[in-house]
Structures are given as C-alpha cells and as structure tokens.
Amino acid sequence: MAMIEFKNVQKYYGDFHALKDINLKIDAGETVVLIGPSGSGKSSLIRTVNGLDPIRSGQLIVNGFDLGDKKTDVNKIRKDVGMVFQHFNLYNNKDVLENIMLAPRVVLKRPEEENKKLAMDLLEQVGLADKAHNMPAQLSGGQKQRVAIARSLAMKPKCLLFDEPTSALDPEMIDDVLDVMKEIAHRSDMTMLVVTHEMGFAKAVGDRVIFMADGRILEDDSTENFFDGEPSNERARQFLSKINGHI
Ligand SMILES: Nc1ncnc2c1ncn2[C@@H]1O[C@H](COP(=O)(O)OP(=O)(O)OP(=O)(O)O)[C@@H](O)[C@H]1O
C-alpha cells in the first residue's frame with residue numbers, strides 16, 4: 001500500500017515554480033532517500049508531505065488523506081507522519097523528558113506512566129537516558145537531534161520525514177545521529193523519507209534513491225542501481241561523479 005503518493009503535483013512560492021509535475025509513490029515500510037544539488041527542491045518536497053507547505057495543484061495522498069484537497073485537516077496527517085528538522089525545533093523551556101512526553105500526552109492522551117516508560121525507553125535507544133532532566137541548552141547539537149528523533153518516535157508514527165537532519169551538526173556529531181537513524185530504518189517497519197547530503201548513509205540505508213534537480217525528479221532508482229550502476233540521467237551522473245570521492 002502507498003503511504004505517500006504524488007500525482008502531477010505543482011508547487012510555487014509566488015511566481016517561482018519550486019516543484020514541477022512531481023509523480024512519486026512510496027510504499028509503506030520503504031526507506032527512500034532524496035538527494036540532489038542545493039536548491040533543487042528536496043526540502044520543498046518533503047515539507048509538502050506533512051502539510052507544512054501547500055501545493056498549488058495535483059494530488060498528494062499521505063496515509064489516505066489528500067493534501068491537494070484544501071478541506072483535508074493536516075492534523076490528521078501529522079498524528080501519523082512525524083518530521084525531524086535540520087534545526088531540531090525542541091521546546092527550549094522544557095526538559096528532555098518533557099519534550100518527548102508532551103505530544104503523546106496532549107494529542108494521544110497516553111496515560112502518564114506508560115508515556116514516561118516509553119519516553120525513557122526511547123531515550124535509552126538514542127543513547128541519552130542520563131540526559132532526561134537536562135534542558136535543551138545543556139545538550140550538544142547531536143544530542144539535541146537525537147532527542148528530536150526520540151520525540152518523533154514517541155508518537156509511534158507510521159511515517160517519519162527527515163529534512164537534512166545532520167546538516168547543522170559539527171562533523172564529529174554526525175555519525176551518532178546517522179547511527180540512530182540506521183537502527184530505526186533497519187529495525188522498524190516505518191516508512192522513512194530522508195533528505196540528506198550524506199551519501200554514505202543514503203547508500204547504507206536507502207531502499208530507493210530519488211534524485212532531484214531544478215524542481216523535478218530526474219531519477220528514481222534502487223539504491224544499488226543508483227550508486228553502483230549508471231544513472232540514466234545525465235545530471236544524476238554528473239552529481240554522482242562529483243560526490244563519488246566522498247562516499
Ligand atoms: N519560502 C520560500 N520562498 C521562496 N522561495 C523559496 C522558499 N523556500 C525555498 N525556496 C526556493 O525554492 C527552491 C528549492 O528550495 P529547497 O529548499 O526546496 O531546495 P533544497 O534542494 O532543499 O536545497 P538545499 O539542499 O540547499 O537545502 C530554491 O530555489 C529556493 O530558493
């Protein structure tokens with residue numbers, strides 16, 4: 001079953017045509033990596049999936065709801081579709097545990113004991129059980145991002161979107177975050193859509209690679225074919241040849 005389906009989707013910022021005729025189907029349980037040069041529309045695409053940015057036309061069906069229909073309540077989508085941002089977006093006036101427990105308490109009405117136990121289990125999973133009562137300001141960037149991931153997982157989403165989750169991090173923090181994401185991808189049956197510049201990660205974790213340039217999808221291929229074969233698209237081949245030395 002498709003978790004996400006774009007059909008002839010167009011997106012504009014004013015007069016600027018940011019997403020051009022996007023057609024894309026992502027099945028439940030797939031891990032799909034979205035790559036491409038800066039400004040190609042990767043963040044724009046991922047932000048449309050949980051209704052953060054509206055589309056101009058076309059159909060965008062996420063977990064059975066059509067975001068192309070103005071009447072669709074985006075909160076119904078966000079309950080099952082989480083997002084991890086480049087800049088973490090933690091609640092800075094709440095401690096780590098409360099950051100994780102807040103949405104399940106308010107949105108899902110999860111009982112307090114169960115909520116706390118799950119939050120502590122998730123903190124354990126991301127290697128931060130000892131930071132439960134720290135404030136976000138007391139954490140490194142990599143630790144903040146791992147809290148943000150735990151916070152998303154606490155909602156038990158069917159689908160998790162990652163918008164360049166490591167690009168605001170110092171290099172030595174990146175692997176800790178990628179390791180947590182790899183473990184989630186391998187262990188869970190969640191659908192994951194990841195915008196990243198980390199090609200090693202894309203290669204290790206992605207079932208599929210989508211390559212974008214100038215607001216269009218130019219290549220949609222299995223990870224193996226994309227990295228080890230020869231992409232059919234010239235722009236994708238150029239992109240790969242530039243980054244190949246960094247994988
Ligand atoms: N809020 C906005 N208003 C106007 N133009 C925007 C807005 N957000 C993005 N754009 C433009 O849309 C295009 C695609 O931007 P987007 O952030 O989706 O690219 P990206 O592939 O994610 O880039 P990067 O890898 O640098 O983050 C760019 O030309 C950008 O300038």
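1. Helix 1 (42-49) gives the most to the shell around the ligand, with three residues. Helices (H or I, at least four residues) and strands (E, at least two) are DSSP runs here, numbered from the N terminus. Strand 2 (16-27), like helix 1, supplies at least two residues of that shell. This is a predicted model, in which local features need pLDDT of at least 70 and side-chain atom pairs count only at pLDDT 80 or more, while totals for chains, interfaces and linings use all residues. Residues are numbered from 1 along each chain as its sequence is written.

2. Around the ligand stand Tyr13, Phe16, Ala18, Gly36, Ser38, Gly39, Ser40, Gly41, Lys42, Ser43 and Ser44. A residue is near a molecule or strand if its C-beta atom, placed from the backbone, lies within 6 Å of it. The shell divides into three nonpolar residues, seven polar and one charged. In this division Ala, Val, Leu, Ile, Met, Phe, Trp, Tyr, Cys and Pro count as nonpolar, Asp, Glu, Lys and Arg as charged, and the others, Gly among them, as polar.

3. Strand 1 (residues 2-13) contains Phe6. Phe6 counts as buried because it has 25 C-beta neighbours inside 10 Å. A residue is buried if 20 or more other C-beta atoms lie within 10 Å of its own, exposed if 12 or fewer, and partly exposed in between, with C-beta atoms placed from the backbone. Leaving out residues up to four places away in sequence, Phe6 touches Ile22, Asn23, Leu24, Gly58 and Leu60; contact means that the two C-beta atoms, placed from the backbone, lie within 7 Å.

4. Asn8 also lies in strand 1. Asn8 has a positive phi of about 50°, although it is not a glycine. With 12 C-beta neighbours inside 10 Å, Asn8 counts as exposed.

5. Asp214 likewise has a positive phi of about 50° without being a glycine. Asp214 sits in the loop between strand 9 (208-213) and strand 10 (216-222). Its 14 C-beta neighbours inside 10 Å make Asp214 partly exposed.

6. Helix 5 (141-153) is largely enclosed by the rest of the structure, because twelve of its 13 residues are buried. Among the buried residues are Lys144, Arg146 and Arg151. The cover over the buried residues of helix 5 includes strand 6 (81-84), helix 3 (96-106), helix 4 (112-125), strand 7 and helix 6.

7. Helix 6 (residues 171-187) has 17 residues, which should span 24 Å at 1.5 Å a residue; its end C-alpha atoms are 25 Å apart, which agrees. The expected span is 1.5 Å times one less than the number of residues. In helix 6, Val177, Leu178, Val180, Met181, Ile184 and Ala185 are buried. Seen down the axis of helix 6, the buried residues fall within an arc of 160°, so they line one face of the helix; the arc is that of the directions from the helix axis to the C-beta atoms. The face turned away from the buried side of helix 6 carries the exposed residues Glu172, His186 and Arg187. Among the elements covering the buried residues of helix 6 are strand 3 (31-35), helix 5 and helix 7 (199-205).

8. UniProt, in an unreviewed entry, lists residues 4-239 as "domain: ABC transporter". UniProt positions are given in the numbering used here, feature names are shortened, and annotations may be inferred rather than shown by experiment. Over residues 4-239 the chain is 37% helix and 26% strand.
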